[in-house]
Amino acid sequence: MNMIKQAQPGWLASWIATMLLLASLLVPYLARADDFLEPEQAFKLAARAQDDKSVELRVTIAPGYYMYREQFQFAADGVQLQARVPDGKRKFDETFQKEVEIYRDGLSIRLDVSQAPASFELKVTGQGCADKGLCYPPMESVYKVGGSVLGNLFGDRSEEHTSELQSRLHLVC
């Protein structure tokens, strides 16, 4: 019986040492995850009506991050959209193994809207990466548009309405 009592403390010490070793190996990986911003912080989208038939989308991109031009998509059921997306900076992308256009810092996109029903959902999809090597999955932002062609998309600019509009924007990964 003495042997069993002496073996238990040794087993426990070995187990604790193993767990500490595993934890020390995981710390660098956990620290790396903290180095990256959440997608909604790295890529901020804001929209405003320019007139009754167009929307301006402004994308703010955090330092150390970029977005792909060809990954932007715009859709609304029963609505004709014409996107005016500016040229980006060309670079060879290791992920896609081809020449792509990217944006840093930010950009402004104009969407011309025609033949729209009284209300519809405007879906904007985009994708970006961090310079440190993390690429995010495509992100979709959805705006509920009501009234005339753009009608009450932005309507009353009071703080209460602005908060309500911001809560309509959501990210789907």
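**Close-up views of side-chain contacts**

C129 is buried, with a relative accessible area of 0%; here buried means under 20% relative accessible area, exposed means over 50%, and partly exposed lies in between (1.4 Å probe, protein chains only). This is a predicted model, in which local features need pLDDT of at least 70 and side-chain atom pairs count only at pLDDT 80 or more, while totals for chains, interfaces and linings use all residues. Residues are numbered from 1 along each chain as its sequence is written, and side-chain values use heavy atoms, with hydrogens and water left out.

**View 1. C129 and C135 form a disulfide.** A disulfide is a covalent bond between the sulfur atoms of two cysteines. The rule used here asks for a pair of cysteine sulfur atoms within 2.5 Å, and it gives a count of 1 disulfide. In this one, the sulfur atoms of C129 and C135 are 2.1 Å apart. The torsion about the S-S bond of C129 and C135 is about 105°, so the disulfide is right-handed. C135 is partly exposed, at 30% relative accessibility.

**View 2. Y68 and F96 form an aromatic pair.** Rings of Phe, Tyr and Trp (its six-membered ring) pair if their centres lie within 6.5 Å; planes under 30 degrees apart are stacked, over 60 edge-to-face, and the rest tilted. The structure holds 7 such pairs. In one of them, the ring centres of Y66 and Y68 are 5.6 Å apart with the planes at 80°, so the pair is edge-to-face. Y68 is buried at 1%. Y68 and F96 are also edge-to-face, 5.2 Å centre to centre with 80° between the planes. Y68 sits in strand 3 (residues 65-68) and F96 in the loop between strand 6 (89-93) and strand 7 (98-103), 28 residues apart; strands (E, at least two residues) are DSSP runs, numbered from the N terminus.

**View 3. R69, D87, R90, E99 and E101 are linked in a network of salt bridges.** A salt bridge is a side-chain nitrogen of Lys or Arg within 4 Å of a carboxyl oxygen of Asp or Glu, and the whole structure has 9. The closest N and O atoms of D87 and R69 are 4.0 Å apart. R69 also meets E101, at 3.8 Å from N to O. D87 is exposed at 66%, whereas E101 is buried at 19%.

**View 4. D131 and R104 meet in a salt bridge.** Their N to O distance is 2.9 Å. D131 is partly exposed at 45%, and R104 is partly exposed at 35%.

How values were computed
Helices (H or I, at least four residues) and strands (E, at least two) are DSSP runs, numbered from the N terminus.
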